[in-house]
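Follow the chain on screen as you read. The text below walks through strands, rings and surface in turn.

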Amino acid sequence: MEYLKSQNKEKYKEEMADLFFKSAQLIKDPKGEPKSFYGAAIAGAILAGAGLFLTTFGLVSTLIKKQVNVSAAVFFIVMYVFFIIIGLLSVLVLSSRKRIKNRPDNDNRLDCDKEGLKLITSKDERKIYWDNYQAIRAFKYTMVFIPKDRKGMCLFVPVENLGNVTAVIEENGISIDVIR
C-alpha cells in the first residue's frame, strides 16, 4: 500500500489536533458527532479571568471595610485556588492543541496488510493488529483508526489514504466498520 501525504497539511493538522482531544468520545461512540473542547477551554479561561477579577474586587472591598476574619480569608484563598486551577487547565488544553497543530511533519508511514497496520517512524516501527480496532472514521481531512478501548492508540492519518486502506480491508475480508 502506498502511503499518501495530505494535500492540505494545515487543515489536516488543525483537524487532527481537534480530534486528538475527542479520541475518548470516538472510542465510546465511533458513529457519534464528537463535541469540541476548544470552546469550553476558551470559556474556562474567560471564566477564570472574570472570577479572579471579582474575587480580587471582593477582597479589596472587604479590606476597605475592615471586616476580615478567618472565614473570609479562607473563602478568598479557596476562590483564588479554584479560579487559578480552571485557568491553568484551560491554558493547558489550548497550548496542547497548538503544540499538536504545529508539530513538524515527520516522514511517518503506514503500511496495511491482512494482519494489521504497521506504523513506521524515523525511530521505530510498530505492528498493530486489526483486532485492536473497532472502526475507521473518515473526516474531511483526517482518517482515524479507533481502538476498542482506551488502552489502545488512535491513529490519525490523512484521509487521502482511505481508498488504499478500504481496498486492503475488502481484499482480505477484514471485519471492521468504515464510517464516512
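This is a predicted model: local features need pLDDT of at least 70, side-chain atom pairs count only at pLDDT 80 or more; totals for chains, interfaces and linings use all residues.

**A walk through the model**

Trp130, Tyr133 and Phe145 form one aromatic cluster.

The structure holds four aromatic pairs. Take Trp130 and Phe145. Their ring centres are 6.4 Å apart and their planes meet at 45 degrees, so the pair is tilted.

Are Trp130 and Phe145 buried or exposed? Trp130 has a relative accessible area of 6%, so it is buried. Phe145 has a relative accessible area of 0%, so this residue is buried as well. The cut-off for buried is under 20%.

Strand β5 spans residues 142-147 and runs antiparallel to β6, with four bridges joining the two.

Strand β6 covers residues 155-158. Which way do its side chains point? Leu155 and Val157 point one way, while Phe156 and Pro158 point the other way. In a regular strand the side chains alternate between the two faces of the sheet. In β6, the residues on both sides are buried.

Next, turn to the open sheet. Three strands make it up, in the order β1-β2-β3, and their pairing is antiparallel. β1 (109-112) and β3 are the edge strands, each pairing on one side only. On average, neighbouring strands of this sheet are turned by 20 degrees against each other, direction ignored.

Go through the sheet strand by strand. β1 and β2 form a hairpin, with three residues between them. Four bridges join these antiparallel strands. Find Cys112: it stands opposite Leu117 in β2.

Strand β2 covers residues 116-120, and five bridges join it to β3, again antiparallel. The hairpin from β2 to β3 passes through four residues. Lys118 has Lys127 as its partner, and Ile120 has Glu125.

Why is β2 described as largely enclosed by the rest of the structure? Four of its five residues are buried, so the rest of the structure largely encloses the strand.

Ile77, Val81, Ile85, Leu89 and Leu92 make a nonpolar patch of about 470 Å². Ile85, one of these residues, lies in helix α4 (residues 70-101). Its relative accessibility is 46%, so Ile85 counts as partly exposed. That class lies between the 20% limit for buried and the 50% limit for exposed.

Note on methods: Residues are numbered from 1 along each chain as its sequence is written. Side-chain values use heavy atoms; hydrogens and water are left out. Buried means under 20% relative accessible area, exposed over 50%, partly exposed in between (1.4 Å probe, protein chains only). Two strands pair if DSSP finds at least two bridges between them. Rings of Phe, Tyr and Trp (its six-membered ring) pair if their centres lie within 6.5 Å; planes under 30 degrees apart count as stacked, over 60 as edge-to-face and the rest as tilted. Axes are lines fitted to C-alpha atoms, for helices over the stretch in contact, and angles run from 0 to 180 degrees between N-to-C directions. Patches are made of residues with over 30% relative accessible area and no salt bridge: like charges are joined within 9 Å, nonpolar side chains (Val, Leu, Ile, Met, Phe, Trp, Tyr) within 5 Å. Accessible areas come from the Shrake-Rupley method with a 1.4 Å probe; for residues, only the protein chains shown count as cover. A salt bridge is a side-chain nitrogen of Lys or Arg within 4 Å of a carboxyl oxygen of Asp or Glu.
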